[in-house]
Amino acid sequence: MVIGSTVDAMRPASPESVIKNVGRRVAELRAELGQTQEEFSAQVGIGLKYLQRIEAGRENLTIESLVKLANHLNTRVTALFEPARTQSARRGRPPRGA
């Protein structure tokens, strides 16, 4: 058990922090599927720029969008609200062959 997580769970969340966390979770789960942003956005049927804004925590998602993303990520909607394992988005292109 991590003590810091208990303290964080008791602190009220701001809408901005939740939006950023959901974006990180989408990025993490997409990466676990081994898909690039381009592949995933095409599969889901959303624009690449829209997905990039989601993953960067700059897009306030509707419930419809959350359900659509969760379904394509093969997870529950509630899993998108779990704490992200990473704190910031990776910048730049992934290495070739990854």
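What percentage of the 98 residues of the chain counts as buried? Then take me to Arg25 in helix H2.

Reply: This is a predicted model, where local features need pLDDT of at least 70 and side-chain atom pairs count only at pLDDT 80 or more, while totals for chains, interfaces and linings use all residues. Residues are numbered from 1 along each chain as its sequence is written, and side-chain values use heavy atoms, without hydrogens or water.

Of the 98 residues, 28% are buried (under 20% relative accessible area; exposed is over 50%, partly exposed in between; 1.4 Å probe, protein chains only). The chain has five helices and zero strands (DSSP runs: H or I of at least four residues, E of at least two, numbered from the N terminus).

Now Arg25. Arg25 sits in helix H2. This residue is buried because its relative accessible area is 3%. Skipping neighbours within four places in sequence, Arg25 contacts Ala79, Leu80, Glu82, Pro83, Ala84 and Arg85 (contact: heavy atoms within 4.5 Å).

Take Leu80 from that list. Arg25 and Leu80 are 55 residues apart in sequence, yet their C-alpha atoms are 5.6 Å apart. Beyond four places in sequence, Leu80 also touches other residues, including Asn21, Val22, Val26, Leu29 and Leu66.

Leu80 leads on to the largest nonpolar core, which has 14 residues (buried Ala, Val, Leu, Ile, Met, Phe, Trp, Tyr and Cys joined through side-chain atoms within 4.5 Å). Val26, Leu69 and Leu80 have the most contacts inside this core. Helices H2 (15–32), H3 (37–44), H4 (48–55) and H5 (63–72) each give two or more residues to this core.
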